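Hello,

Here is the structure we talked about passing on. Have a look at it first; my notes follow below.

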Amino acid sequence: MLSAISGMQPRQLAAQVLNFALVLSTAFMLWKGLSVATDSPSPIVVVLSGSMEPAFQRGDLLFLWNRARNTQIGEVVVYNVRGKDIPIVHRVVRKFGGGIKPLRLLTKGDNNLADDTELYARGQDYLDRAADVIGSVKGYIPFVGYVTILISEHPWLKTVIFGLMGAVVVLQRE
Amino acid sequence: MHSTLVRAQNVFGFFTTVAFIVGALVAVTGYFSLPSDGNSLDVSVDLKNVQVARGRPHYYSSKREEYAQIRFDLDADLSPLFTWNTKQVFLYIMASYPPSVSSASRDSKKKGSSPSPNPGPSNAIIYDKIITSRDEAHLELRNQRSKYQITDISGRIANRHNATLEVAWNVQPWVGALTWGTSSEGRSKAFAFPALKSTGAGGGGAATATKKKNVAGEQTMGSAAPAA
């Protein structure tokens, strides 16, 4: 492998490195562009738990939309618990307020017996639509996000995958 | 150049392309074979009984709130929602009632005319059911007890008027867009939440206490369930 790199012309090597940088920055721009379009800090999320089974299993990919601010009951929303950075995907089972009053929501996982009051921050009984919710689920693709669960559970996989991707992009000659 | 790596790359690329196209076709055809109008479905709901009692949100809470327990009849045939791309139908019945009138009018006076100053109706799901096959899609419930005892955000729900029950559903696809629907038939006549049960002046202590305990017990039932 190293001999393959050292055998290249400097100009060709630079072109390959630039190519790799272009791939990374394109992916980043697509993500951020989608984020602006949907008004959500995280427009695509991977399901991490079985609390919405059988609708969503671990590793399923969800597409969010955050421009409809009058969230209705029965919608599936993704929210972050205050003070924790773990997105949770659950269904809205109670809705109060709206209009000029803040919209308050209570959520529950389809597969859980109890609602989410226990999950919320201490002293918080309802979610604030504007502050806590990062999007409402509109689209669904099963399983393809499972690789991110594997990566977060086995961090060394990240190094391996990035290494392989880099090697392929740099070494392929076209 | 036909090395093993290039062949593997080509096979994988072809596989993902085919999988993507098939998934897109399934999503589009499934979406368009759903009934476009919920009114074409055979759905009706009727209130049978509603009671309001005091209770606690969970066993260790010192908070006292008013909880409504509702009984209803439901007839629903949701089998047209099962296309070849339907993974499950989440059926839910919600109680819908106006938000407390006093606070709404006070707020609208304070802030003047903003785009839609009035808060929408308050909603709470009283019953839900996950339906995963066409065979289970025909529901006929008689005098069914609500799964969830509901309360308002203020903790007070007694003596509210103009409440209705409404049936709604969410179709979860195998791949593609989630859809929601209601039917104009699937809405009950307006009813009122009655006054608090068994609040006799002084005498009703024992009855109130047992009722409280029941409510608290049921609310606590699943509170330790794992989530997230």
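In chain A, 56% of the contacts with a separation of 6 or more join residues 24 or more positions apart; contact means heavy atoms within 4.5 Å.

Some ground rules. This is a predicted model: local features need pLDDT of at least 70, side-chain atom pairs count only at pLDDT 80 or more, and totals for chains, interfaces and linings use all residues. Side-chain values use heavy atoms, without hydrogens and water, residues are numbered from 1 along each chain as its sequence is written, and chains are lettered from A and ligands numbered from 1 in the order in which they are written.

Chain A has 5 helices and 7 strands. These are DSSP runs numbered from the N terminus (helices H or I, at least four residues; strands E, at least two). Their order is α-α-β-β-β-β-β-β-α-β-α-α. The C-alpha trace of chain A spans about 65 × 30 × 30 Å along its principal axes. Of its 174 residues, 42% are buried (under 20% relative accessible area, 1.4 Å probe, protein chains only).

Now the cores. A nonpolar core is a set of buried Ala, Val, Leu, Ile, Met, Phe, Trp, Tyr and Cys residues joined through side-chain atoms within 4.5 Å. The largest has 58 residues; B:Leu74, B:Leu78 and B:Phe193 touch the most other members. Strand S3 of chain B (residues 86–97) gives the most to this core, 8 residues. Another core, of 14 residues, lies apart from it and includes A:Ala55, A:Val76, A:Val89 and B:Leu178.

Best wishes

Note on methods. Buried < 20%, exposed > 50% of the residue type's maximum accessible area, 1.4 Å probe, protein only.
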